[in-house]
Amino acid sequence: MLAKWFYKPWLAWLDKRIPPNATHALNMRSVFILPSRFGWGFMVVCLCLFLLGTNYQNNLMLLLSYLLTSTMLLTLFYSYQNFAAIALKITPPATVFANTSSQLTLNRVKHTQYKTKPEGLLQVQWLKEIKNFTFDIGNKEQQLIIPFTLCSRGEHKLPRLTLKSAYPFGLYTCWTHLDFDTKIMVYPEPISGQLSEISHSTDENNGSQEDTLLGNEDFFALTDFVEGEPLNRVAWKQVAKTGNWVVKQFSEQKKDDVYLSLSTNTPIEEGLSALTQQILTLQSQGIQYGLKVGNTSFTPNNSVTHMHQCLTALANYPKAPGSHTQSSAKSAEQVSSQGAG
Amino acid sequence: MNNRANMLLATCFIVLTLSLITPLLTWVVLIAICAVIMQSALYFGWQENNPSSRTVNLLAVLALIALGWFGLSIGLLNSMINLLVLACALKLMLLSQTRDFLQLFCCCLFLVGCGFIFALGLEAWIGYLAVIALLFTALALLYAPSLSLRVSLRKSGIVLLQAFPLAALLFVVVPQFPPLWQMPTSKSSETGLSDTVTPGDIASLAKSSDLAFSATFSQTPPPAQQRYWRAMTMENFDGKTWSISPKRKQAESQLKNMGRKVSLAYSSANGSSDAASDSASGGGVGEPYQLIVEPNNQRWLYSLDISTENTALDNPKMWQQFNFALRAERPIVGKRAFYLTYFPNVPLVSELADFDTQLNLQFPSDSNLSTQAWVKQLAANTQSEYDVANRILQHFKTSGFSYTLQPNAMPNSPIDTFMFEAKAGFCAHYASAMVFALRVAGIPARMVTGYQGGELLSDNVIQVRQYDAHAWVEALIDGVWVSYDPTSVVAPSRISFGLEQALADFNETRNEGMFKNLNSAELFLSIRGWFRQIDYQWSRLVLGFDNQTQTDLLKQLLGELTSKKMTLFLLSLLVIVSIFLLVLFFPLRRKSQFSRHQHLYLTAVELVSNFTKVQREHRGSTAYFNLVESLLPSTAASQFNTITQEFERARYQPEAPEVHEATAASDKPANFTKSTSKANTTVLKQQERVMKDALSSLRKTLKLSGNQ
């Protein structure tokens, strides 16, 4: 209860102290450091050795206890120095579907202030989550890949990521909560379902002009590659031979443009999920499709940008009045992590 | 789990166990070895899994029962150490989580601490320090599995090396407290003199060349003939064995409880006339000296006859017995310094004359009958007690007695056998025979044991080793204890030149076997002397460092100690240490000359890339200039060219002149000779100015062309 009370002010304080940014180079302001549990235990050991040395009037034991105490002190600086040398840049994933595991990539970049290479195990976890992912940043690997799952569609701000390290001796825990200032559009979860209405608009004008619509049944010709065209149509053999990017074109029985729209007699979320699934299927098949939901509509196309536009429209579709309050309250914290890093 | 870290920890553990082998029970060591073998099996992949926790728990229960059984006989401290090793071994078998690892790590630190109870030498310290470095290396490997062993060893070594000056500082500054409570001491490891003497005992000591104590004098130490170090008086005789009289013990403890003290002031004042007649130097002024006693788990101290506690200095608790021997309040378990004052030529006036007389006349009348008869005959026509004593000494001198460390066994009537058959023995035999003879003659006498002589380590330091153990005689004549040393009559060189010389006179050596001749080799002697010197300094500076030395040191540094001065001193130390740490860890605050150039160049690149919309990305500076040259207005291009060139020069020039002089310095700018670095700085400053100017004009140019 008390924790809940302080959570919001704490987040606000964090926002002020470690402002959101796509790139974070750790520094004095963003790093927190305290003795770990082992660190406290170590101090108790030092104290016990001191008492033992005093009682046995044994200067070597005293010296040992002082040596360990000094090591503890120096390790404070070494821990900080190592942790503060971390600098990360976010690469958000291109497509994220609700309830589906996605990956966030953090690239390690060069720290402007520290030349030392950070070492040791780094634990990464989402704020307020238990599950953590461990990376050995001493490795050559420059990327930290963090799986996550968002539960509801719509635009989400990624919560803060907690980074923790105990290097070199585990005596201190260095940690930080980083906000990478990233908004992620979560598309509805693709679930194949009943699409009650697929409207085939028969646009006569268009149809007469072009007799052959591009399909994928029979090979027809090679044309130059235009950005946005599906990659599965690229004639890779030709590319390898000549270096020119060409696209295979197939002739197909002339088909009407597909217009997708939300069915009226299924629950909104289910309908959106079905639409998403259908868009993905059509996209992969290379069939042109359009979309009409609510007030927005998109003319049929088969480019990747078009797909994203359509899916964004679905993601932003107003939520059902009943579920609205519930999902919006959750939305910020509804990141749950699955799978292992 | 991280196998490398586990293996390293297991290695440290087995090294610690083997270093503690003396107090450990054999089966505990075996279990420890088993645990390490199991861990190695996991490491080398001979085995996949740890033993089940049920097996280990069963083993733990059995081991605890066994330890409870043996614990009674080996004493509390040893059982504790055994328990710790046992717990570590069992934990090592089950090592699977980070938590287990950390617990084991802490236990190993404790084991190192325990190691210092038994080994105090410099070599032990260095060895244990190496183990600690390995322990931290294991810890570093746990938290950074990809680190190579060499790198993590270097890193933890550096941390420990840096921690060392801090630790030394703490050692000097943190007050040395007296023991807070009594700790269990090791039962089995009492060393040194025994509290009983059956002639034959001291010979075994003579084989040991272990150090007993070192004494440091402020002036020249007394000559060898005067160096009698008193430890105990043996007043009880059963016909074979001399021992400390239980009545003496009782009386001493009663007197101590009553708070009575030996009044040497009284004795020195009273006996001043006698003392003056003996020698020119009076007994009034004492000579202070410091005694560093090797740990022996006993309470007796060794003092030059006769010494008292130097009350001016801060001593561990001790008191003087009425037989003039000094006792420490607690057993000596670590090397401690005791501060004493030596009063030569002070007569030992008995303060308990009746008690002493009564105690020191008893002898079993049915033993050593021939000696009794001989003494009665000897004492018959003497005038004084001195006469009796001198005649006995004369007898030893003239009747063909010899000095040997290998006397024949004398199981029955040892004194008779010695006096009339063997006529060969060492100090205990002579002292024993003489005390017995004196007692038979009706003169109260006792045997004093301790050490005699000692080697000069340097001009004012004497080191006394176990083979310097000695026994001599004290007779109570007219209320004053008079010392006699029958050994000195038989083997004068034993007293003046030490045991080795005495044995050489009688064609014997102390050492047997293959190293017999080693002792005389010149090189060996000098190396040994060198090691002894190191060991003495280690004992004096580190092991013997106590409250007194601490106060002296601080006084030397600061003059008279006042609380204000101390506060200032501590605060300034704090500041110095913080500055040291800041310099060590935050050197990057100061921007180097080069980074300023870089900053200027990067600003220029930002301007250019904003203007041309061509990002530099990973291109080199010249490559980027070539790329954007055509896109820039010609003036801007030339300005950017200047900046690029100056930047390149600043970047690569500093190393150019160095190549001719010292190639080694090229990768370490800090190694530049002063003159070159100064010249470089001026060049760099010039370049910086040029770059700044070019940058401001570039900014203007681009702004103008941007507006158009």
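Visitor: Is Asp179(A) buried or exposed?

Guide: Asp179(A) is buried, with a relative accessible area of 4%; buried means under 20%, exposed over 50% and partly exposed in between, with a 1.4 Å probe and protein chains only. Please note that this is a predicted model, in which local features need pLDDT of at least 70 and side-chain atom pairs count only at pLDDT 80 or more, while totals for chains, interfaces and linings use all residues. Residues are numbered from 1 along each chain as its sequence is written, chains are lettered from A and ligands numbered from 1 in the order in which they are written, and side-chain values use heavy atoms, with hydrogens and water left out.

Visitor: Which residue forms a salt bridge with Asp179(A)?

Guide: Lys157(A) does, with the closest N and O atoms 2.7 Å apart; a salt bridge is a side-chain nitrogen of Lys or Arg within 4 Å of a carboxyl oxygen of Asp or Glu. Lys157(A) is in strand 9 (residues 154–157) of chain A, and Asp179(A) is in the loop between strand 11 (172–178) and strand 12 (183–187), 22 residues apart. Helices (H or I, at least four residues) and strands (E, at least two) are DSSP runs, numbered from the N terminus. Lys157(A) is partly exposed, at 39%.

Visitor: What about Arg248(B): which side chain does it meet in a salt bridge?

Guide: That of Asp356(B), at 2.9 Å from N to O. Arg248(B) lies in helix 9 (residues 246–258) and Asp356(B) in helix 12 (residues 353–359) of chain B, so the pair ties together parts 108 residues apart in sequence. Arg248(B) and Asp356(B) are buried. Both belong to a network of salt bridges whose members include Arg230(B), Glu235(B) and Glu474(B).

Visitor: Changing topic, how many salt bridges cross the interface of chain A and chain B?

Guide: The rule finds 0 there. The interface has 46 residues of chain A in contact (heavy atoms within 4.5 Å) with 59 residues of chain B.

Visitor: Which element gives the largest share of the chain A side?

Guide: Helix 3 of chain A, with 18 residues.

Visitor: Which residues of that helix meet helix 20 of chain B?

Guide: Asn59(A), Leu60(A) and Leu63(A) meet Trp538(B), Val542(B) and Leu543(B). The axes of helix 3 of chain A and helix 20 (residues 522–543) of chain B come within 10 Å and cross at roughly 60°; axes are lines fitted to C-alpha atoms over the stretch in contact, and angles run from 0 to 180 degrees between N-to-C directions.
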